[in-house]
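Let's walk through this one together. Have a look at the fold and the ligands before we start.

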Amino acid sequence: MTTSDNATVLVTGGAGYIGSHVVLALRDQGRAVVVLDDLSTGRRSALPDGVPLVEGDVGDKALLAETFARHGIGTVMHFAGSIVVPDSVERPLAYYRNNTVKSHALVEACVEAGIGRFIFSSTAAVYGMPERLPIDEQTPTKPINPYGSSKLMTEWMLRDTAAAHDLRYVALRYFNVAGADPQGRSGQVSKVATHLIKIAAQTVTGQRAELQIYGDDYDTADGTCVRDYIHVSDLADAHVAALRHLEAGGASEVMNCGYGRGYSVREVLAMVERVTGKPLPMRIGPRRAGDPPALVAGVERIGRTLDWTPRHADLETIVASALAWEERLVR
Ligand SMILES: NC(=O)c1ccc[n+]([C@@H]2O[C@H](COP(=O)([O-])OP(=O)(O)OC[C@H]3O[C@@H](n4cnc5c(N)ncnc54)[C@H](O)[C@@H]3O)[C@@H](O)[C@H]2O)c1
Ligand SMILES: O=c1ccn([C@@H]2O[C@H](COP(=O)(O)OP(=O)(O)O[C@H]3O[C@H](CO)[C@H](O)[C@H](O)[C@H]3O)[C@@H](O)[C@H]2O)c(=O)[nH]1
């Protein structure tokens, strides 16, 4: 099979938080999409009507070959995986299996089927504890947990596969993904929330009594950690732009995906209070193990390579959309 432009896109993990927003972005662009998901953390209801769901495992090569052929897949976007950093420290082999071993099966199935375009969800966790900001893609990759290592190994597989076979790829290293679809069609649903803005939204909606700030003695302007928060719908648009890049014959590339500016935990929480008009119950707790003081993306490469203009790049929009989604969930 040879790939052709505008062929159907297979989105693995498309029933999850980020994947479902990418499905929406692809559909909004009139693209044909098929989702492969085992629904381990994803939900069928996250998918818009009319998007076929292949319920199964991303490591199942027979299922992959059948899905590629049946739906005429030309590009794979790969989101399926396990994502909780402390869980990866406790169960490293589970993470290497689900994130690395199964990605190997998927990449191999693509090569065997002649699928030549691949877009991969990577993470800022590949950098570990970088000393200099902003973090550009030349920064040495030194992950400090199995989650980051499991994703970096997939990047390496893609690099080497692209050198040897007719496959081009884009790996997007996401910084802090947050917010929800502005039209309220999807958002984050986590059994166990760990992300700051999600936890703040749960606190605002009364699902938690209070929020803890994990340390206020960092070497940052206000003592709390700084992160580069990116709206999930802008991230989704970046994937569509990466697809266009590959369809136009663009070269394989690894790119940071953030806005290139950081906000502290205190600034984020102040924005939550501004949006709700109410004080947020919070207290200072101890540092959380493994938290770098500041992570801000260098975004020169993505700006130069992709035709991507963020549309929701302000903290107020991110926070307001996350809160609106949480209100829907608890209603
Ligand atoms: N959320 C973040 O802040 C963040 C940051 C950096 C990178 N990422 C990456 O983005 C991707 C998506 O993350 P998310 O936040 O949407 O997580 P999520 O848990 O909401 O989505 C993952 C999806 O993959 C599915 N899945 C997991 N294992 C599978 C398997 N073996 N076979 C088939 N489906 C499987 C789940 O059911 C779920 O729908 C992940 O690869 C993650 O590493 C996320
Ligand atoms: O209840 C909370 C939750 C978080 N934080 C702080 O808020 C900041 C952001 O924390 P998140 O958990 O929201 O995000 P991380 O920066 O830890 O995580 C990001 O980077 C990780 C790897 O470093 C993974 O890739 C993860 O998926 C991605 O969101 C950190 O300083 C954290 O200590 C709190 O103070 N209180």
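Q: Which residues come nearest to ligand 2, and how many are around it?

A: A residue counts as near a molecule if its C-beta atom, placed from the backbone, lies within 6 Å of it. Here 19 residues are around ligand 2, and Ala 125, His 195, Leu 196, Tyr 214 and Cys 225 come nearest. Bear in mind that this is a predicted model, where local features need pLDDT of at least 70, side-chain atom pairs count only at pLDDT 80 or more, and totals for chains, interfaces and linings use all residues. Residues are numbered from 1 along each chain as its sequence is written, while chains are lettered from A and ligands numbered from 1 in the order in which they are written.

Q: Which element gives the most to the shell around ligand 2?

A: Elements are DSSP runs numbered from the N terminus: helices are H or I, at least four residues, and strands are E, at least two. Strand S8 (211-214) gives the most, with 4 residues, and H6 also supplies at least two.

Q: How does that shell divide by class?

A: Ala, Val, Leu, Ile, Met, Phe, Trp, Tyr, Cys and Pro count as nonpolar, Asp, Glu, Lys and Arg as charged, and the others, Gly among them, as polar. Around ligand 2 that gives 11 nonpolar, 5 polar and 3 charged residues.

Q: And what surrounds ligand 1?

A: The shell there has 26 residues, with Gly 13, Gly 16, Tyr 17, Gly 42 and Ala 80 the closest. They split into 10 nonpolar, 11 polar and 5 charged. Helix H1 gives the most, with 3 residues; helix H4 (92-113) and strand S5 (117-123) each supply at least two.

Q: At what angle do H6 and H8 pack?

A: Axes are lines fitted to C-alpha atoms, for helices over the stretch in contact, and angles run from 0 to 180 degrees between N-to-C directions. Helix H6 (residues 196-204) and helix H8 (residues 265-276) pack at about 35°, their axes 11 Å apart. By class, their contact (C-beta atoms, placed from the backbone, within 7 Å) has 8 nonpolar, 1 polar and no charged residues.

Q: Where is confidence lowest, and where highest?

A: pLDDT is the predictor's confidence in each residue, from 0 to 100. The chain averages 96, and 98% of the residues score at least 70. Helix H3 (residues 85-90) is lowest, at a mean of 94, and strand S6 (residues 168-174) highest, at 99.
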